[in-house]
Amino acid sequence: MASAFFFDAEPVCELPILLPALDACTLCAKPLGRDCDIFMYRGDTPFCSDECRGEQMQLDAIRARRAAARRRQQQQQYSSRTESRHQESRKVSVAT
């Protein structure tokens, strides 16, 4: 008896997820051999050595600190603008 359902293992009309190739180090672009260790970071980013991976981790930490500092600065600027607007709206002119 023929089945009314057909299941395909591959989705139709979906683009494949592009992951970094495991053929070169992400930081220094050194070719990665099939018979050598590959050091991974963030799940899918290959590096040729623990040193390259560590350097990338440090760069990411620096970027994260700078981004956090920019966010804090923007929040402080927003808060100070909002506060000055509230102070201006509280001023009341009184006729004498």
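These are my notebook entries on a few local features of a predicted model.

**Ground rules.** I took the model as predicted, asking pLDDT of at least 70 for local features and 80 or more for side-chain atom pairs, while totals for chains, interfaces and linings use all residues. I number residues from 1 along each chain as its sequence is written, and side-chain values use heavy atoms, with hydrogens and water left out.

**Core.** I looked up the largest nonpolar core and found six residues: Cys25, Leu32, Tyr41, Phe47, Cys48 and Cys52. Such a core is a set of buried Ala, Val, Leu, Ile, Met, Phe, Trp, Tyr and Cys residues joined through side-chain atoms within 4.5 Å. I use buried for under 20% relative accessible area, exposed for over 50% and partly exposed for what lies in between (1.4 Å probe, protein chains only). Leucine 32 touches Leu22, Asp23, Ala24, Cys25, Ile38, Pro46, Phe47 and Cys48, leaving out residues up to four places away in sequence; contact means heavy atoms within 4.5 Å.

**Aromatic rings.** I counted one aromatic pair. Tyrosine 41 and phenylalanine 47 form this tilted pair, at 6.4 Å centre to centre and 55° between the planes. Rings of Phe, Tyr and Trp (its six-membered ring) pair if their centres lie within 6.5 Å; planes under 30 degrees apart are stacked, over 60 edge-to-face, and the rest tilted. Both tyrosine 41 and phenylalanine 47 are buried.

**Surface patch.** Leu22, Ile38 and Met40 make a nonpolar surface patch of about 210 Å². Patch residues have over 30% relative accessible area and no salt bridge; like charges are joined within 9 Å, nonpolar side chains (Val, Leu, Ile, Met, Phe, Trp, Tyr) within 5 Å. A salt bridge is a side-chain nitrogen of Lys or Arg within 4 Å of a carboxyl oxygen of Asp or Glu. Methionine 40 is in strand β1 (residues 39-41) and is partly exposed at 31% relative accessible area. Strands are DSSP runs of E, at least two residues, numbered from the N terminus.

**Proline 31.** I placed proline 31 in the segment before β1, exposed at 64% relative accessibility. Its contacts, neighbours within four places in sequence aside, are Asp23 and Ala24.

**Positive phi.** Most residues other than glycine have a negative phi. I noted a positive phi of about 65° at alanine 29 and of about 55° at arginine 42. Alanine 29 is exposed at 53%; arginine 42 is exposed at 64% and is found in the loop between β1 and β2 (45-47).

Conventions. Areas by Shrake-Rupley, 256 points an atom, 1.4 Å probe, with all protein chains shown as cover. Helix = DSSP H or I, 4+ residues; strand = E, 2+ residues; numbered from the N terminus.
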